[in-house]
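The questions below go through its surroundings.

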Amino acid sequence: MFLEGKRALVTGSTSGIGLAIARALAGEGARVVLNGFGDEDEIAKLCEELGATHSGADLTDVAQVGAMMEQAGEIDILVNNAGMQHVAPVEEFPVDKWNLILALNLSAAFHTTRLAVPSMKKKGWGRIINTASAHSKVASPFKGAYNAAKHGLDGFTKTIALELAEHGVTANCISPGYVWTPLVENQIPDTMKARGMTRDEVINDVLLVKQATKKFVQPEEIGALAVFLCRDEMQNVNGANWSIDGGWTAE
Ligand code: NAD
């Protein structure tokens, strides 16, 4: 349990990838702060299971990010994972969706980072792990806001990796391909509409077409990679963008 004594905040961890990362970190002894929306009873059960606390802060609101960070206390492992998607042609892309996606998938990571970094620097140890996406490296049509935010998150991660390197703090991206979570399931109807496809065609000819494995990535695989990046032996793995996409971006 090499993370005993460390405190981890995982944003967007009431579901999907974030929950798997939170479980994996807690499994190595980290005290975890969960964040995200959902059914109160379900979240209470998760907190009990993981020995975690929970913040329901809406990370598109800067004041709520500040309150969450205050409540969380000194964070050793910061996982910026909360994200959302919207699929639409650029000329029809709703302006409010653009603003929300940029706020959640990109700006929230800046706000948590600027508030977490002072105590990491003071302790001389920290890990910042940002859930980016294959869409931080390559694009797909109809995902303008998401692709822009994820490419931006990669750039931000490299910048803080350089700034914090001498303080024992590393910053890396994890970039999954398609993982079967509510975020993916919810984009199927709009993708069917934007591309004029059936549900099965979207799954096989859009989602899995580039993943050489022809399989969805499992959330637990991403949890395992996040734990690996927290090891002391990984202290020189900094500013990297780790693909976990079944070979998609190798092509
Ligand atoms: P998900 O929808 O299962 O989970 C999203 C989490 O974010 C939930 O806990 C939700 O409550 C929380 N959340 C949503 N809006 C929020 C807000 N305004 N404030 C705070 N929390 C909020 O999604 P997921 O697939 O697990 O995605 C997690 C991350 O992984 C995202 O950044 C996503 O872009 C990225 N990602 C997902 C995939 C995939 O295929 N699922 C692929 C690549 C990258």
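On a 1 Å grid over the protein atoms alone, a pocket is an open set of points where a 1.4 Å probe fits, with protein on both sides within 12 Å along at least five of seven lines, and a molecule sits in a pocket if more than half of its atoms lie within 2 Å of its grid points. The model is predicted, so that local features need pLDDT of at least 70 and side-chain atom pairs count only at pLDDT 80 or more, whereas totals for chains, interfaces and linings use all residues. Residues are numbered from 1 along each chain as its sequence is written, and side-chain values use heavy atoms, with hydrogens and water left out.

Q: Which pocket does the ligand take up?
A: A pocket is an open set of grid points, as defined above. The space that the ligand takes is the largest pocket.

Q: Which residue has a side-chain N or O atom 2.4 Å from an oxygen atom of the ligand?
A: Polar contacts are pairs of N or O atoms within 3.5 Å. Ligand oxygen atoms lie 3.4 Å from a polar backbone atom of Gly12 and 3.5 Å from one of Gly177. The side-chain atom at 2.4 Å belongs to Thr181.

Q: How many residues of the shell around the ligand are charged?
A: The ligand is surrounded by 30 residues, each with a heavy atom within 4 Å of it. Of these, 14 are nonpolar (Ala, Val, Leu, Ile, Met, Phe, Trp, Tyr, Cys and Pro) and 14 are polar, Gly among them. The charged class (Asp, Glu, Lys and Arg) numbers two.

Methods:
A polar contact is a pair of N or O atoms within 3.5 Å; within protein, one must be able to donate a hydrogen and the other to accept it, and residues adjacent in sequence count only if both atoms are side-chain atoms. On a 1 Å grid over the protein atoms alone, a cavity is a set of points where a 1.4 Å probe fits but cannot get out, and a pocket is an open set with protein on both sides within 12 Å along at least five of seven lines; lining residues have an atom within 4 Å of a point.
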